[in-house]
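Dear colleague,

Please read them with the structure open beside you.

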Amino acid sequence: MDLYEYQARELLDEQGIPTPRAIFAQNSHEVAEAADALGYPCVVKAQVKIGHRGQAGGVKLARTRDEAVLAAEQILPMTIHGHKVHGVLVAEAKNILHEYYVSISVDRSSRDFDVLATANGGTEVEEIAKEHPEAVKRLHITSLEDFDIEAARRMANAIGFYHADVEQAAQILLKMWRCFKDNDATLVEINPLAKIGDPDDESSKSLCALDAKISLDGNAAFRHDGWRRFEDPVHEDPFERRANEHGLHYVHLHGEVGVIGNGAGLVMSSLDAVSGAGEDQGTGIKPANFLDIGGGASAEVMKESLQIVLSDPQVESVFINVYGGITSCEQVAEGILEAIDVLEGSKPIVVRFDGNAAAEGLRILAESRNPNIHVCTTMEEAAQLAARIAADVKEGQA
Amino acid sequence: MSTFIEDNAPVIVQGMTGHQGMTHTARMLKAGTNIVGGVNPRKAGTAVTFPGARQGADAQIPVYATCADARTATGAKASVVFVPPRFAKDAIVEAIEAGIELIVVITEGIPVADSAYCVELALQHGVRIVGPNCPGLITLPSTPDGHGVNLGIIPDGIVPRGPLGLVSKSGTLTYQLMGELSDIGFTACLGAGGDPIVGTTLQEALKVFEADEDTRAVVMIGEIGGTAEQEAAAWAATHMTKPIVAYIAGFTAPEGKQMGHAGAIVSGGKGTAQDKKEALEAVGIRVGRTPGQAAAFMREILEERHIV
């Protein structure tokens, strides 16, 4: 689960990592008040869960109240790379003397935690890594080790912090690690970790986290009161929310063929088969959603799943792909018929069953004599048929 | 020769007395797995009856307070973990410290920090973890009168013994490919798991299959997220003498969306199915466009090499 910058800052603040004073605002009136309170110049920053917002015009400097209001009016209605702006963070503008980059993340390959850092910040770390790979340091913290201030000092030196910054950098590294661990984060990134202050006054200089990105481990929600403090109902997809309430994994993909299956891999594979069929047939038909009914799903779960998928007005056909391991195809078949009953009709449904009770499931479907239910033996055939039907319906409408 | 674990190896089940544990212990017993105990401190000293589960006869499975007790009493070599996420770390650590050699973790939803801790501890102790968030491990008996080991939730009876090995990040795609190649047969099928950090990676499974003389070719099923497929490809390029056929799921997955499995996510443009496919093909591993095509590629290779 990704956090907005203003939420990430809260977690840094809780650990005592220095951040500029800032206020979250959601309309131009609040922005004006925030800017007045913080003083000028200040920065107005779009709150979106996507990178490169600066290049998209989502970050503006304001020297006066009027400029702050203008910035708010420009930024608040924006959609950046498909993400609607959720509000703005108004922050004190700082005089930046130097920029560092530091992140801690789960390293899937080495199966521990990765500290990625560069003393040559200022641009995207990926670009620095490409052009000056030697400038980007990659260090590790392991689960069994005790990462203390001594280890943090060694790390700050290894990263190449300027001598004058090493002590404060070590403190920040240690606090970042606590922030990462205590919050069950999968990523804590400070970019830039800036050296700020008056260039002529050594005593005014210090390190400050000007921007931060934090992702949290959804699996650890049970240790953190379900992450309720970071809930974002406004920006949740209504279909995804409804599916989540039923404990189903659903991802809205905005195509025409609804896809339901058991097991994440099989459902992903089914999506690929539908897209492939759309390409083969030259129709551009795409999957409407990912929906995994999980292992051992009951008729009830299948019924609910089909209702959610069919409530998406973009859906023209549904592809149900079940390989029965623990899941019984018989139960799935009953769920399909129950859903159609409740909905008093349905869009065309293409079914492919294999494995546990596949024959019984297919018999139940055949006996229903429902003209909207089509049966295929392989997932490839089923995907082709579902894509063909969706394309025909669309063409009929056009 | 047996793969991952010897035939008839004694097995305990952690979380046996829960709903999932009961269902699958009965199933594993029916598949011929030598289950010798369960672990639950609150029910220690009791026994659970699984009617008709051992070749038609009732199976009485004793419950022990700890893994250490269970191992002392039974000599268990492997454990299957069905314990809920919030207790899983303690259960796995207990199994590692009790000297269990192979720990198969079925539980979905374990925090990644807990998995990282367990995997590191296991590596330190020379213990193999399979999973978490996986369907388990099934081995087919290496002798006619031996019993294979069914650890987890993989359905029994899909495949006979044969020359193939299989490793997969996905449960149902495992069954799918087992089904497609059921006439050829397998030595072992291992669900590596769909979490970001797992105890046995694709590469580590390849290593076991490469060392196993009865395994002649390997099916590898990957999905979006991370770089386990690329690492497996790089390793295979220089170490693997046996042919591999791969399948990758998730070409249509959008950036930043978790597709069911905690580990199945493309982030920052990394972990795409296309990248994985290219890395595999670059070292000469054929990648099926569908599971069916992957199975067809495997048949071609087996024929070319006169394996079947």
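This is a predicted model, in which local features need pLDDT of at least 70 and side-chain atom pairs count only at pLDDT 80 or more, while totals for chains, interfaces and linings use all residues. Residues are numbered from 1 along each chain as its sequence is written, and chains are lettered from A and ligands numbered from 1 in the order in which they are written.

Gly325(A) sits in the loop that joins strand S16 (317–324) to helix H10 (329–343) of chain A (helices, H or I, of at least four residues and strands, E, of at least two are DSSP runs numbered from the N terminus). Gly325(A) is buried, having 24 C-beta neighbours inside 10 Å (buried means 20 or more other C-beta atoms within 10 Å, exposed 12 or fewer, and partly exposed in between, with C-beta atoms placed from the backbone). Apart from neighbours within four places in sequence, its contacts include Gly295(A) and, from chain B, Ile153(B), Pro155(B) and Thr172(B) (contact means C-beta atoms, placed from the backbone, within 7 Å).

An unreviewed UniProt entry marks Asn262(A), Gly325(A), Ile326(A) and Thr327(A) as "binding site"; they span 66 residues in sequence, yet no two of their C-alpha atoms are more than 9.8 Å apart, so they gather at one spot. UniProt positions follow the numbering used here, feature names are shortened, and annotations may be inferred rather than shown by experiment.

Asn262(A), in the loop between strand S14 (257–261) and helix H8 (264–280) of chain A, is buried with 28 other C-beta atoms within 10 Å, and its contacts beyond four places in sequence include Thr327(A) and Thr172(B).

With kind regards

Conventions: Two residues are in contact if their C-beta atoms, placed from the backbone, lie within 7 Å.
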